[in-house]
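Here are my notes on a few of the helices, for you to read with the model open. Tell me if anything looks off to you.

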Amino acid sequence: MSFQKVPAPHPASTTDPFGIVPAPAALTPGAGTTAIPDGTRVVADPALRAAARWWRRVTDGAFGLDLVPADPSAPGPADPTVPAPLSATEPTAVVAFALDSDLPPSGYRLTVDAGGVRVDAGGLDGAHAAAQTLRQLAGPAAFRRAPADASATPALVLPHVTITDHPRFPWRGVLLDVARHFLPKVDVLRFVDLAAAHRLNVLQLHLTDDQGWRMEIARYPRLTEVGAWRRESGVGTWRAGVFDGRPHGGFYTQDDLREIVAYARERGVTVVPEIDAPGHVEAAVAAYPELGTRKQPHEVRTTWGVSTEVLDPSEESLTFFRHVLDEVLDVFDAPFVAIGGDEVPTTLWRENPAIVARAEALGLDDVGGLHGWFLARLAEHVASRGRRAVVWDEAFGPALPRDVVVTSWRGWAVGADALAAGHDVVMAPEQVVYLDHRGGDAPDEPVPVGFLTTLDDVYAFEPLPAGLAGSRAEPEPGTDDDRPGVLLGGQAELWSEHLDSARRVDYAAFPRLAAFAEVMWSPEADRSPGSPASHAFRERLVAHHLPRLDAYGVEYRPLDGPHPWQTRPGVAGWPRDRAAELAAGGLRGVGGWVEGRDEDEGGPA
């Protein structure tokens, strides 16, 4: 995962007969095609082998081929990546992955011509992206696990083309909430494949919440013995008071998670774990009541919305979560660890004299300051282990260490403020990139919660609108303390209160996640509804990309509305009005828990 400065973009290609998604920076079609027959050599620089190995395996499976890994240092031509046969009877084509230090680490140049395929990549990230592009060039059949026509002679035919490409942003993320509704490991692995197929390189795995704790912690076994299970689940908005009466649960062992991490790494995806604190902790408190403010036994939460049961911000709670994070850091190799910080009602803190006294003893002006104080201590612990903490934007404030990444979900403005204060920022405003929100406003839209967020809305997303770009602070010459932060990129979210299966995740995510991926990867452009870029994207989507998703088996939302079996008749949602809320709160947003306002549905966790 590279976080280098991205060079100025090339002009976007206006001619793409192959329908690449996300659109590459520059694409020049050639004349003719090249066959990649059985026995073709796949040569890779050692630093790029993971990408070459992945492409070879999925291509072998899809087309029934037996591509041959070759050692570039073996005896052969002076340049082992030059297409040349090993013997007179072997194929003349070769697929080569080579390092090119003149390219950015996440960039690549892909050439398909009469001699075969050559990928020049600035690093492994670029090679992974090139491998995904190469798969798309092979057509929808490349997204199958085995040939649809077993009687056909194994063959892969690629069009001649030259593509030069690199991403717009280094953080191209998607959050998958497995806490509200547990997804079996195989479904998580499948989602990793789909994220990688769209050049998304960060999967934030939301592992803990009020409704479930999904990671095995050896030191505290009751977190999964008790916290991973609930007796039933709400159906639709919590305001309807409807429950399914069906027990729900599940968790991942540490080896399961190590497998997910390794699987994602092989595809160029970094898995960022999220352990939420000091709010959204009812599952943990159900397992260990001494962590809570009330200190009373209770069950794992069965409803959605925001809970007032938050951690007692004590040294004992800090020690507990430091121990948890130690095991998280041992399992996950990402440079980032998300520690939550969103939607932390202070109601019970204010009613507890001991907690009020603790805030005073710490010199805090208000008991609400314990929120930032607690997260700062956890962030310092993460930093002591050589990693960086990631928090939701409610945690942004003077107490937050400078190295902590802020994810701006309630709008854009807090993210801009955090940039000005020197924090690196990921933009994830719920108004546009919360993909669990309804994709249509017809009566048959399943569980219509949140804002109406269409494909065009997502495609028009701009991580830092022009009106906010100037709010970033300018660094003082010769200093580091006053430097502005870096806009790392953006992240789409899939909260799973109403997504109780992989099929429902498919429906919510696609094809909107493809639109989001193009915004994050492709050169900056006017993507507003009705723009040339928007028309071109929709044409590529319909003609080329939806057939790929069909071949892979993705049960996406049709552009004209859900199939009958995708509807959820009788399940109440809670629609929100984006225009009204933006008018009231501007780009700062008004989501999340606000003191003095009734409990609200939605929010990041």
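Is the crossing of α7 past α10 left-handed or right-handed?

1. Right-handed is what I get for α7 passing α10. Bear in mind that this is a predicted model. The axes of α7 (residues 315–331) and α10 (residues 369–384) cross at roughly 35° and come within 10 Å.

2. On who touches whom: α7 brings Glu315, Ser317, Leu318, Phe321, Arg322, Leu325 and Asp326 to the contact, and α10 answers with Trp373, Phe374, Arg377, Leu378, His381 and Val382. By type, the residues of this contact split into seven nonpolar, four charged and two polar. As a reminder, residues three or four places apart on an α-helix point the same way, because there are 3.6 residues a turn.

3. Now α7 by itself. With 17 residues, α7 spans 25 Å from first C-alpha to last, close to the expected 24 Å. Its buried residues are Ser317, Leu318, Phe320, Phe321, His323, Val324, Leu325, Glu327, Val328, Leu329 and Val331. The cover over them includes α10, but also β11 (212–213), α4 (222–225), α5 (254–265), β14 (270–277) and β15 (336–340).

4. One backbone detail to check after α2: Gly139 follows the helix and has a positive phi, near 90°.

Note on methods
Residues numbered from 1 in each chain as written. Predicted model: local features only at pLDDT ≥ 70, side-chain atom pairs only at ≥ 80, totals over all residues. Heavy atoms only, no water. Axes fitted to C-alpha atoms, helices over the stretch in contact; angles between N-to-C directions. Helix = DSSP H or I, 4+ residues; strand = E, 2+ residues; numbered from the N terminus. Left-handed = near helix turned anticlockwise from the far one by under 90°. Contact = heavy atoms within 4.5 Å. Nonpolar A, V, L, I, M, F, W, Y, C, P; charged D, E, K, R; others polar. Expected span 1.5 Å × (residues − 1). Buried < 20%, exposed > 50% of the residue type's maximum accessible area, 1.4 Å probe, protein only.
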